[in-house]
Amino acid sequence: MNVSHASVHPVEDPPAATEVENPPRVRMDDIEGMPGTLLGLALRFFQFLFAAASLSVMASTSDFPSVTAFCYLVAATGLQSLWSLSLASVDVYAIMVKRSLQNRRLVSLFAIGDGVTSTLTFAAACASAGITVLIDNDLNSCAQNHCVQFETSTALAFISWFAALPCFLFNFWSLASR
């Protein structure tokens with residue numbers, strides 16, 4: 001019978017676990033773009049800048065209230081501006097006091113807020129783009145309307161959404177990875 005014996009293949013006892021060998025788990029550093037980082041602050045600033053510019057350009061036209069999609073764009077970019085400005089101020093505070101914003105409830109709030117505001121901004125920009133194409137290409141009535149302002153405001157809303165999307169994805173990823 002071929003059986004191995006302890007004398008042929010010695011087995012060592014496992015070393016006793018000590019505090020040095022098993023250090024406490026340490027969190028990964030904040031990834032740039034997440035709340036409380038410089039890139040996150042920059043993304044919030046650009047969201048606010050482009051949403052406020054879109055709101056201003058659309059509100060400067062006299063006939064935007066006659067189209068529901070343009071009113072929706074004004075409301076959505078106004079909400080996006082307020083949300084981005086408030087979270088930018090939270091980011092500035094977190095950066096100044098070197099505080100991590102990786103609290104589960106806080107990240108949940110950021111993810112839900114970013115998801116809602118970016119979805120509203122994208123939907124409003126798409127609706128406004130559809131109306132702008134209708135006025136410009138299909139009806140050929142840009143001479144009577146402010147097509148340049150409508151197109152500019154719609155483009156700025158899309159850029160604001162494009163800056164909001166990474167914030168939502170980073171927050172959602174951070175929330176899902178817990």
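This is a predicted model: local features need pLDDT of at least 70, side-chain atom pairs count only at pLDDT 80 or more; totals for chains, interfaces and linings use all residues.
Start by selecting Asp114 and Arg44: the two form a salt bridge, with the closest N and O atoms 2.7 Å apart. Asp114 sits in helix α3 (residues 104-138) and Arg44 in helix α1 (residues 38-59), so the pair ties together parts that are 70 residues apart in sequence. Is Asp114 buried or exposed? Asp114 is buried, at 2% relative accessible area. Arg44 counts as buried too, with 2% relative accessibility.

**Zoom out to the whole chain**

Now show the protein chain as a cartoon. What does its secondary structure come to? There are four helices and zero strands. Colour the chain by burial next: of its 178 residues, 35% are buried. Switch to a surface view. The chain exposes about 11000 Å², and carbon and sulfur atoms supply 67% of that area.

**Select the annotated spans**

The next selections come from a record. An unreviewed UniProt entry places the feature "transmembrane region" at residues 37-60, 72-94, 106-135 and 155-176. Pick residues 37-60 to begin. This span is 92% helix and 0% strand. Its end C-alpha atoms are 34 Å apart. Move on to residues 106-135. Here the chain is 100% helix and 0% strand, and the end C-alpha atoms lie 43 Å apart.

Go to Tyr93, which is found in helix α2 (residues 68-96).

Select Ala163 now. Its place is in helix α4 (residues 147-176). Ala163 counts as buried, at 9% relative accessibility. Which residues does Ala163 touch, leaving aside those up to four places away in sequence? Show Leu43, Phe46 and Gln47: these are its contacts. Phe48 and Ala163 are 115 residues apart along the chain, yet their C-alpha atoms are separated by 9.2 Å.

**The disulfide**

Finish with the cysteines. A disulfide is a covalent bond between the sulfur atoms of two cysteines. How many does a search of the whole structure find? One. Select Cys142 and Cys147, the two partners, and show their side chains; the sulfur atoms are 2.0 Å apart. Look along the S-S bond: the angle about it is -95°, and the link is left-handed. The two ends differ in cover. Cys142 counts as partly exposed at 24% relative accessibility, whereas Cys147 counts as buried at 6%.

Two further cysteines are worth a click. Cys71 is partly exposed, with a relative accessible area of 30%. Cys167 is buried, with a relative accessible area of 2%.

Definitions and conventions
Residues are numbered from 1 along each chain as its sequence is written. Side-chain values use heavy atoms; hydrogens and water are left out. Helices (H or I, at least four residues) and strands (E, at least two) are DSSP runs, numbered from the N terminus. Buried means under 20% relative accessible area, exposed over 50%, partly exposed in between (1.4 Å probe, protein chains only). Accessible areas come from the Shrake-Rupley method with a 1.4 Å probe; for residues, only the protein chains shown count as cover. A salt bridge is a side-chain nitrogen of Lys or Arg within 4 Å of a carboxyl oxygen of Asp or Glu. UniProt positions are given in the numbering used here, feature names are shortened, and annotations may be inferred rather than shown by experiment. Contact means heavy atoms within 4.5 Å. A disulfide is a pair of cysteine sulfur atoms within 2.5 Å.
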